[in-house]
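Visitor: Could you walk me through the charged pairs in this model?
Guide: Gladly, let's look together.

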Amino acid sequence: EYEDGDRFRWLFLKEGCMHCGNPPCVAVCPTGALKQKPDGRVTLEPNLCNGCGYCSQFCPFGVPQLEVYGLFSGEAKSSKCTFCQDRTDNGLLPACVKTCPAAALSWGDRDEMIARGKKRVAALREGGAVSAQLYGENLLGGLGRLYVLFEKPEAYGLPADPEYPALTTLWQKGVQPFGKIVLGASIIGIAAAWIIIRRNIRMEEVE
């Protein structure tokens with residue numbers, strides 16, 4: 001519900017992954033479950049997801065969510081919109097676009113969608129919707145999901161100027177490599193301990 005002076009209206013928004021041009025979730029994913037395709041789509045391979053939840057913490061839009069699969073173990077997997085990658089990989093429309101009864105959703109080349117969005121914004125402004133705007137053209141490297149908004153982004157719960165999390169680079173280039181080093185050192189340490197133990201056992205057998 002949105003009130004602006006003496007006006008009242010319902011604002012509708014289809015939420016989903018924004019498929020950022022520069023996606024933080026892909027940068028912080030330690031298993032490669034999240035990938036960015038050449039066409040800009042951010043896909044998800046659940047079988048590679050370890051449920052760490054980094055993607056949900058670093059996404060500026062809070063899109064990825066963890067779905068709990070193991071009630072007792074707490075095992076979880078990341079979940080998000082993938083633009084129906086099983087369909088779009090085969091030249092089909094995303095299910096939401098194909099089934100939308102109001103034809104409010106469009107799918108196609110990004111430049112074409114930007115042009116269509118700007119044309120729609122111009123028509124809305126001519127009709128008196130002075131706050132109408134195209135959201136996502138240049139945000140975070142250019143979003144794959146664009147919105148034609150009647151009002152300011154904040155009215156829809158969208159950040160007006162989402163930023164690439166500063167900790168993402170530190171996490172990707174500092175914390176994750178350090179974690180791999182620690183894991184590698186642990187494996188080496190366990191292997192060395194096993195060798196030493198075996199050596200001592202053999203020495204005792206000789207004695």
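Predicted model: local features only at pLDDT ≥ 70, side-chain atom pairs only at ≥ 80, totals over all residues.

Guide: Residues are numbered from 1 along each chain as its sequence is written, and side-chain values use heavy atoms, leaving out hydrogens and water.

Visitor: Is Glu151 buried or exposed?
Guide: Buried means under 20% relative accessible area, exposed over 50%, and partly exposed in between (1.4 Å probe, protein chains only). Glu151 has 4% relative accessibility, so Glu151 counts as buried.

Visitor: Which residue forms a salt bridge with Glu151?
Guide: A salt bridge puts a side-chain nitrogen of Lys or Arg within 4 Å of a carboxyl oxygen of Asp or Glu. Here the closest N and O atoms are 3.5 Å apart, and the partner of Glu151 is Arg9.

Visitor: How many residues apart are Arg9 and Glu151?
Guide: Strands are DSSP runs of E, at least two residues, and helices are runs of H or I, at least four, numbered from the N terminus. Arg9 sits in strand S2 and Glu151 in the loop between S8 and H6, so the pair links distant parts of the chain, 142 residues apart.

Visitor: Which residues are linked with Arg41 in a network of salt bridges?
Guide: Arg41 is buried, at 8% relative accessible area, and its salt bridge with Asp39 spans 2.8 Å, N to O. The network with Arg41 contains Asp39 and Asp89.
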